[in-house]
Amino acid sequence: MADATTSVGELRDRVRQFVHARDWERFHAPRDLAMAISIEASELLERFLWRGSGSLAELSSEDRSAIAEELADVLIYGLSLANALEMDLSEAMLAKLKKDEAKYPPDRYRGRAR
Ligand SMILES: [Mg+2]
């Protein structure tokens with residue numbers, strides 16, 4: 001069972017095993033996985049639609065469970081896409097964070113959304 005110390009690599013392996021056990025690699029072309037991420041992201045958005053501001057205080061435990069499932073779907077397809085592309089996702093994320101840290105230095109962007 002996963003816990004807070006489960007690594008990205010371990011999660012990728014779990015997703016890879018899930019896909020392989022069902023012989024679904026044949027359906028997991030990168031383009032289709034990118035589409036699946038977008039579709040699941042829309043399902044995530046749907047959980048906030050017509051629900052006020054969507055702030056944490058407005059969400060019931062049922063809402064939070066449904067949101068967790070949709071967010072998990074997005075991330076699972078993201079891991080699947082990284083697997084299909086044989087991409088080191090940890091490295092890609094760290095590289096992107098480094099790029100964003102340089103682009104948005106805290107002394108200039110603290111408290112600013114733009
Ligand atoms: Mg879903």
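1. Ground rules. Residues are numbered from 1 along each chain as its sequence is written, and side-chain values use heavy atoms, with hydrogens and water left out. In this predicted model, local features need pLDDT of at least 70 and side-chain atom pairs count only at pLDDT 80 or more, while totals for chains, interfaces and linings use all residues.

2. The magnesium site. Start with the metal. Glu40 (OE), Glu43 (OE), Glu70 (OE) and Asp73 (OD) coordinate the magnesium ion at 2.1 to 2.3 Å. Along the chain, these donors follow the spacing E-x2-E-x26-E-x2-D. Glu40 lies in helix α2 (residues 30–46) and Asp73 in helix α3, so the pair ties together parts that are 33 residues apart in sequence. Donors here are N, O and S atoms within 2.8 Å of the metal (3.2 Å for Na, K and Ca); water is not among the atoms, so sites may look incomplete. Helices are DSSP runs (H or I, at least four residues), numbered from the N terminus.

3. Burial at the site. Is Glu40 buried or exposed? Glu40 counts as buried, at 11% relative accessibility. Asp73 is partly exposed, with 26%. The cut-offs are under 20% relative accessible area for buried, over 50% for exposed, and partly exposed in between (1.4 Å probe, protein chains only).

4. Glu70. Glu70 sits in helix α3 and is buried, at 9% relative accessibility. Leaving aside residues up to four places away in sequence, Glu70 touches Glu40, Glu43, Leu44 and Arg47. A contact means heavy atoms within 4.5 Å. Glu70 is also a donor to the magnesium ion.

5. The Arg47 link. The side chains of Arg47 and Glu70 meet in a salt bridge, at 4.0 Å from N to O. This pair links distant parts of the chain: Arg47 is in the loop between α2 and α3, Glu70 is in helix α3, and they are 23 residues apart. Arg47 is partly exposed, with a relative accessible area of 38%. A salt bridge is a side-chain nitrogen of Lys or Arg within 4 Å of a carboxyl oxygen of Asp or Glu.

6. Other salt bridges. How many salt bridges does a search of the whole structure find? It finds six. One of them joins Asp23 and Arg26, at 2.2 Å from N to O. Asp23 is partly exposed, at 38%, and Arg26 is exposed, at 59%. Another joins Asp32 and Arg31, with the closest N and O atoms 3.3 Å apart. Asp32 is partly exposed, at 29%, while Arg31 counts as exposed, at 59%.

7. The largest pocket. About 660 Å³ of space lies in it. It is lined by 23 residues, and the closest to its centre are Leu11, Val15, Ala72, Ile76 and Leu79. A pocket is an open set of points on a 1 Å grid over the protein atoms alone, where a 1.4 Å probe fits, with protein on both sides within 12 Å along at least five of seven lines; lining residues have an atom within 4 Å of a point. The volume is the space filled by probe spheres set on the points, which are joined across faces, edges and corners.

8. The pocket lining. Which helix gives the largest share of the lining? That is α3, with nine residues. α1 (8–21), α3 (61–84) and α4 (89–103) each supply at least two residues. The lining divides into 16 nonpolar, four polar and three charged residues. Here Ala, Val, Leu, Ile, Met, Phe, Trp, Tyr, Cys and Pro count as nonpolar, Asp, Glu, Lys and Arg as charged, and the others, Gly among them, as polar.
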